[in-house]
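Please look over the sequence and the structure below before reading on.

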There are 2 protein chains.
Amino acid sequence: MATTEKAADTEYGKEAPPAAAPPPPPKPSGTTIPPIVDVALRALVFAATLTSLLVFVTSKQTIHLGPRSMEAKFDHSPAFIYFVVALSVAGLYSLLTTLASISIIQKPAFSNTFLLYFAFWDVLILGLVASATGAAGSVAYIGLRGNKHVQWQKVCNVFDKYCRHIGGSLAVSLFASVLLVLLIWLSVLTIHKRIPK
Amino acid sequence: MATTEKAADTEYGKEAPPAAAPPPPPKPSGTTIPPIVDVALRALVFAATLTSLLVFVTSKQTIHLGPRSMEAKFDHSPAFIYFVVALSVAGLYSLLTTLASISIIQKPAFSNTFLLYFAFWDVLILGLVASATGAAGSVAYIGLRGNKHVQWQKVCNVFDKYCRHIGGSLAVSLFASVLLVLLIWLSVLTIHKRIPK
């Protein structure tokens, strides 16, 4: 890397003398990604996490079996509680960064620094959402299929609406994870494109 | 901050004409991260995933309860199988990228492009490892505590060695996730530092 850095430095250093006569060709603007894509993706992450959360927390179902009634609620499982907390954090984060991203369009001077911060935080939020989706997904799968090795009975044959809600919510949170990956890629690519060739 | 960034932009725009006379001061090399850090982190991810895998797959335990024997193996749970597959992919990936990262030290010309590819793939592998850790972790938690709402009995009071192995393995895979976050941060920061100020 010592050499690259040196090479890059030399190129950068060399750029100055000829630049005086013919200015360096401007970067083709067609290849840069318009900042509105970042805003749109972040707004979509917000919409996805909010949808996922609402569908998840409204999954409550009560079943009447003869004299006694059984209730299924998301807070009966620690993994589901973790999911709700993680998606809430991700939803709040995506709302705030959507606003921040809009403000950058208006003040592009901050752009480089913000892109760096966005990439840093997006990675943490991705880890949070991915782990929460995995955690809730594996519990939901046991609910759907059971596990005969340890005699954990499936519950989705009884609590059908509950399981449909959780399944739908998990699909949307998986979509949110994919969007977060795209967002990080976008930030990294945008930063990379600003290195002079 | 507006002032700094604006100042930086103006400097960059204005740079060409005055740069012809005095070349811009070289970037302080003390702030760049030595590429060996990337190699070391990747090697550490490899060591962590390999350790986690080995501890996980050796978790098999057989209990003799009177006349019948019960066995606990990792492939009794789909979430645990997903964990093993995900960690295997991450282990192989980290081995290959450790070698790639070493080769970049020797041929630094490719450095920028490789950093971009590394960041892209690291994000996917982070998503994989985080979701697998979440999935296996939530099943392990039910094994440890049970869930009285759905009458899933805990099994770790019986399969103690099995659960110790899985718990240890999960702790190491969580550590691998943290290392992957650091690796992505490192790549993004290194790319960011190459944007001329």
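**Confidence**

Residues are numbered from 1 along each chain as its sequence is written, chains are lettered from A and ligands numbered from 1 in the order in which they are written, and side-chain values use heavy atoms, with hydrogens and water left out.

- Residues 23-30 of chain A also have a pLDDT below 50, with 3 contacts in the model beyond near neighbours in sequence.
- Where pLDDT is low, the predicted coordinates should not be read in detail.
- The average pLDDT of chain A is 85, and 84% of its residues score at least 70.
- For the complex, the predictor gives an ipTM of 0.82 and a pTM of 0.82.

- The same surface serves both copies, as 92% of the contact residues of chain A recur in chain B.

**Contact between the chains**

- Chain A puts 49 residues into the contact and chain B puts in 59 residues.
- About 4900 Å² is buried between chain A and chain B, and carbon and sulfur atoms give 75% of that area (the accessible area, with a 1.4 Å probe, that two parts lose on being put together, summed over both).
- Helix 4 (111-145) of chain A is one of the helices that each supply at least two residues of the side touching chain B (helices are DSSP runs of H or I, at least four residues, numbered from the N terminus).
- Helix 4 of chain A gives the most to that side, with 18 residues.

**Salt bridges**

- Over all chains, the structure holds 8 salt bridges (a side-chain nitrogen of Lys or Arg within 4 Å of a carboxyl oxygen of Asp or Glu).
- Between chain A and chain B the count is 0 salt bridges.
- Arg42(A) and Asp122(A) form a salt bridge through their side chains (3.0 Å, N to O).
- Arg42(A) lies in helix 2 (residues 36-57) of chain A and Asp122(A) in helix 4 of chain A, so this pair ties together parts 80 residues apart in sequence.

Technical notes:
Contact means heavy atoms within 4.5 Å. pLDDT is the predictor's confidence in each residue, from 0 to 100.
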